[in-house]
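Please read it alongside the sequence and the model.

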Amino acid sequence: MNTIIREAKIIDSESPFHNQTVDILIVDGVIKKIGTSLPNPENAEEVKLDNLHLSQGWFDSSVSLGEPGFEDRETIANGLNVAAKSGFTAIALQPNSYPIIDNQSQINFVKSKANGFATELFPIGALTKGSEGKDMAELFDMKNAGAVAFGDYNKSLDNANLLKIALQYVQDFDGLVIAFAQDSNIKGNGVANEGIVSTRLGLKGIPDLAEELQIARNLFLLEYTGGKLHIPTISTAKSVALIKEAKAKGLKVTCSVSVHHLVLTDEKLENFDTRCKVSPPLRTETDRQALLAGILDNTIDMITTDHNPIDIEHKKMEFDLAKNGTISLESAFGALSTVLSLEKIIEKLTSGKNTFGIESQTIAEGQKANISLFNPEGKSVFTNDNILSKSKNSAFLGTELKGKVYGIYNQGKLVL
């Protein structure tokens with residue numbers, strides 16, 4: 001199917017058409033022609049949308065979908081459609097399904113389930129068998145099957161020697177280790193950020209130290225071993241400072257921050273709303289501002305939705321017992337638009353591809369069409385009607401968002 005996208009403003013600093021409003025002719029999934037008032041002799045499908053903007057396709061480095069095992073939370077098919085309609089042309093799938101994605105056959109299974117969709121799925125293999133933190137999983141076999149990185153979702157590796165060995169082992173095949181940082185002993189039974197809000201609400205606190213100690217340890221290990229380390233979803237001001245210092249030393253470390261940590265704080269817990277119970281916990285305004293500063297000075301490499309659907313039985317319960325996690329694909333662009341400039345949002349939603357070894361496609365003639373379509377203007381309140389996921393556990397319900405996502409063009413498919 002051939003497509004002409006009309007009067008679209010291109011936001012792509014690598015494109016010769018950056019900040020220009022043009023027409024784009026796509027033939028067989030490849031950008032054939034870019035210009036103004038392009039003719040349409042072959043009756044290609046025409047796309048013309050209000051205040052249409054285009055960028056390179058967005059990539060989300062942390063998405064949980066449930067399948068296999070937790071299809072009641074989300075399926076791969078519906079999850080990929082949600083991602084497409086939320087503007088993402090590629091996602092990295094976390095291994096926290098049942099069974100855990102910790103071997104070659106599980107990688108092959110989720111990849112086969114993702115065939116034929118506009119949004120591409122790149123699996124993350126578990127770092128340890130069953131994500132239990134005891135024995136290293138079959139990393140090389142999973143890499144050969146298509147895994148783009150290795151990590152145990154939202155589980156910190158207590159065994160420092162195991163992380164050391166993993167960092168050394170993956171260097172033989174240029175692998176990427178993901179190390180979530182939260183010291184389980186310091187966290188204890190904590191359920192919210194340790195501070196004024198948790199004290200006032202009588203909730204057990206998780207101090208910043210639980211994250212920062214683990215990051216400091218992991219950075220020391222990286223300095224010793226070499227290799228590549230990715231630290232996901234950092235949440236404190238000190239974490240930003242530690243990673244900035246490590247980068248100055250020349251260590252190959254990258255990090256991400258979630259949308260909700262850039263936009264929300266622990267003040268959202270006032271009504272004991274379990275939809276705002278996440279891991280790491282929502283922190284203070286001081287931390288939020290430090291995270292935004294880390295985005296602006298490029299200490300933080302990428303923004304993730306950390307999309308994690310949880311069924312209502314595990315969310316609508318007392319705060320201490322509810323599972324951590326929020327869905328965030330549908331609200332990501334609108335929420336980020338309230339705190340960051342459009343150019344910075346696009347940069348941080350696309351730059352993660354390099355870290356995970358995924359090819360980028362600039363918007364230029366002859367390139368594969370891999371683009372996100374959106375309108376950066378307009379305000380709306382996020383409601384249940386905006387949720388496309390099977391699970392409804394969004395921390396952004398009732399929040400005013402800015403802008404609108406139209407969809408994507410990728411894999412020769414237009415999804416609006």
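In this predicted model, Phe 140, Ile 165 and Tyr 169 come together as a nonpolar patch on the surface, and their accessible area amounts to about 250 Å² together. The points below take up one member of that patch, and then the cavities and pockets.

**Surface patch**

- Ile 165, which belongs to the patch with Phe 140 and Tyr 169, is placed in helix 4, the element that spans residues 160-169.
- Ile 165 counts as partly exposed because its relative accessibility is 34%, a value between the 20% under which a residue is buried and the 50% over which a residue is exposed.

- The largest cavity is lined by 15 residues, of which Ser 62, Gln 94, Tyr 153, Ile 178 and Pro 232 are the closest to its centre.
- Sorted by class, the lining of the largest cavity comprises nine polar, four nonpolar and two charged residues.
- The second largest cavity has a volume of about 80 Å³, and of the 14 residues in its lining the closest to the centre are Leu 127, Lys 155, Leu 157, Ile 178 and Ala 179.
- Strand 10 (177-178) and helix 7 (208-225) each provide at least two lining residues of the second largest cavity, and helix 7, with three residues, gives the most.
- The lining of the second largest cavity divides by class into seven nonpolar, four polar and three charged residues.

- The largest pocket holds about 560 Å³ of space, and among its 23 lining residues Arg 73, Asn 96, Tyr 153, Lys 155 and Lys 323 are the closest to its centre.
- In the lining of the largest pocket, 11 residues are polar, eight are nonpolar and four are charged.
- The second largest pocket holds about 420 Å³ of space, and it is lined by 18 residues, with Glu 330, Asn 386, Gly 403, Lys 404 and Val 405 the closest to its centre.
- Helix 11 (332-336), strand 16 (371-381) and strand 17 (400-410) each contribute at least two residues to the lining of the second largest pocket.
- By class, seven nonpolar, six polar and five charged residues make up the lining of the second largest pocket.

**Residues named at two spaces**

- Ile 178 is listed among the residues closest to the centre of the largest cavity and is also listed for the second largest cavity.
- Tyr 153 is listed in this way for the largest cavity and for the largest pocket.

How values were computed
Residues numbered from 1 in each chain as written. Predicted model: local features only at pLDDT ≥ 70, side-chain atom pairs only at ≥ 80, totals over all residues. Heavy atoms only, no water. Patch = residues over 30% accessible without salt bridge, like charges linked within 9 Å, V, L, I, M, F, W, Y side chains within 5 Å. Areas by Shrake-Rupley, 256 points an atom, 1.4 Å probe, with all protein chains shown as cover. Salt bridge = Lys/Arg side-chain N within 4 Å of Asp/Glu carboxyl O. Helix = DSSP H or I, 4+ residues; strand = E, 2+ residues; numbered from the N terminus. Buried < 20%, exposed > 50% of the residue type's maximum accessible area, 1.4 Å probe, protein only. 1 Å grid on protein atoms, 1.4 Å probe; cavity = no way out; pocket = protein on both sides within 12 Å on 5 of 7 lines; lining within 4 Å. Nonpolar A, V, L, I, M, F, W, Y, C, P; charged D, E, K, R; others polar. Points joined across faces, edges and corners; volume = space filled by probe spheres on them.
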